[in-house]
Amino acid sequence: MYKQKGYLTFYALTPIHMGSGQSVSFVDNVVQRERHTSYPTLWSSGIKGVVRELAYRKWNDKDKVNVIFGPEEGSDQYASCISITDAKILLFPVRSVKGTFAWITCPFVLKRLKEDLKSIGKEFKDNQGNDIQIPDNIQNEKVILCSSSDLKIDNNQVAFEEFVFDIENNQNSDNIAEEVFKLLPQTEFNEDFFKNHFAIVSDDVFKDFVNYAVEIRTRIRIDQTTGTVKEGALFSEELIPSESVFYSLVFISEPYNKSSNLNSADDVLRELSTLFPNGHQILQLGADETLGKGFVKVKFEKINTNQKSQTHGGQNP
């Protein structure tokens, strides 16, 4: 049984390629996607492997790493006491005629976020403690913005990528944006900037954007003997754009291996927190590290057992 819980949020500093292998589509190397929604995702195995490698470098203690993350060899001896879920998409950046770009999300993503946070004891409420209602049934030609949005072409419309949307008023939009902002890693973008670039589109429109507004790059391999392009070495690669935001849940149980000084979930949580100074850390996920891809700023926050959150630094009060 899990004794401690928390969450990770990932802010893409550069484009990310966590690949799912070869594809039958027009793109050779595609990113990982959920089967039922086709939304981009970051598989937990890759996240956990990167955090494990960080722990090796920070602690220089193989036994401690094995107790928390499980032994690399002889996995039948005992299990890991930490569980990290696949990271789900929360915000996706798209081009905007006004305001340069927008962070878009949709009702399905927000409702799923609300339900996931509830499962770890974190409430999705406004500053007065009232439950925030997520909008339903946004029409495909509509978009919901915050009251002070910079995305408006005029008072009635916005344009994302090559599509024009009519603005739909919603009294909860500012509260939703404020609560989402609290989940994000700390960056130079303050709350006002975020709210001015926040938008909620319909579920169908969001699905189209996360499928067709990704980056596609064509790459080649050079023959070192001739200095020219190697035959058959041309391939295309799909990348999740920078400024994308994902989140993942973390569950911690008591260690199965009692041979170390880690005797409780609280001990494990304390050690895990040291990997995120002030609640934050920059990690590299997926392929193409030498090309500057996959760098993310990660925020880790634990959830107290009394159902109230405790922040390890960052933007939360």
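Reader: Is N60 buried or exposed?
Author: Buried is used for a relative accessible area under 20%, exposed for one over 50%, and partly exposed for the range in between, with a 1.4 Å probe and protein chains only. N60 has a relative accessibility of 70%, so N60 counts as exposed.

Reader: What kind of model is this, and how are its residues numbered?
Author: Residues are numbered from 1 along each chain as its sequence is written, and side-chain values use heavy atoms, with hydrogens and water left out. The model is predicted, so that local features need pLDDT of at least 70 and side-chain atom pairs count only at pLDDT 80 or more, while totals for chains, interfaces and linings use all residues.

Reader: Where does N60 lie, and what is its phi?
Author: Helices (H or I, at least four residues) and strands (E, at least two) are DSSP runs, numbered from the N terminus. N60 lies in the loop between α1 and α2. Its phi is positive in a residue other than glycine, with a value near 55°.

Reader: In which loop is N137 found, and is N137 buried or exposed?
Author: N137 is found in the loop between α3 and β8 (142-145). Phi of N137 is also a positive value in a residue other than glycine, near 50°. With a relative accessible area of 74%, N137 is exposed.

Reader: How many residues does helix α1 have, and how far does it reach from its first C-alpha to its last?
Author: Helix α1 covers residues 44-59, which makes 16 residues. The expected span of a helix is 1.5 Å times one less than its number of residues. For α1 this expected span is 22 Å, and the helix comes close to it, reaching 22 Å.

Reader: Which residues of α1 are buried?
Author: An α-helix has 3.6 residues a turn, so residues three or four places apart point the same way. In α1 the buried residues are I47, V50, V51, R52, L54, A55 and W59.

Reader: Which residues does A55 contact, leaving aside its neighbours within four places in sequence?
Author: A55 has its place in helix α1 and, at 0% relative accessibility, counts as buried. A55 and T274 are 219 residues apart in sequence, and their C-alpha atoms are 9.1 Å apart in space. Contact means heavy atoms within 4.5 Å, and the residues in contact with A55, once those sequence neighbours are set aside, are N60, V65, F69 and L275.

Reader: Which residues meet where α1 contacts α2, and how many of them are nonpolar, polar and charged?
Author: From α1 come K48, V51, R52, A55, Y56 and W59, and from α2 come K62, K64, V65, N66, I68 and F69. Ala, Val, Leu, Ile, Met, Phe, Trp, Tyr, Cys and Pro count as nonpolar, Asp, Glu, Lys and Arg as charged, and the others, Gly among them, as polar. By class, this contact has 7 nonpolar, 1 polar and 4 charged residues.

Reader: Is K64 buried or exposed, and which residues does K64 touch beyond four places away in sequence?
Author: K64, found in helix α2, has a relative accessible area of 16% and is therefore buried. Not counting residues up to four places away in sequence, K64 touches W59, L262 and E271.

Reader: How do α3 and α4 lie relative to each other?
Author: Helix α3 (residues 107-119) and helix α4 (residues 173-183) have axes 13 Å apart, at an angle of about 55°. L110, L113 and L117 in α3 meet I176, V180 and L183 in α4, and by class this contact has 6 nonpolar, no polar and no charged residues. From their angle, α3 and α4 are therefore oblique to each other.

Reader: Why is α4 described as largely enclosed?
Author: The buried residues of α4 include I176, F181 and L183. The helix is largely enclosed by the rest of the structure because its buried residues number 9 of 11.

Note on methods:
Axes fitted to C-alpha atoms, helices over the stretch in contact; angles between N-to-C directions. Parallel < 35°, antiparallel > 145°, perpendicular 65-115°, else oblique.
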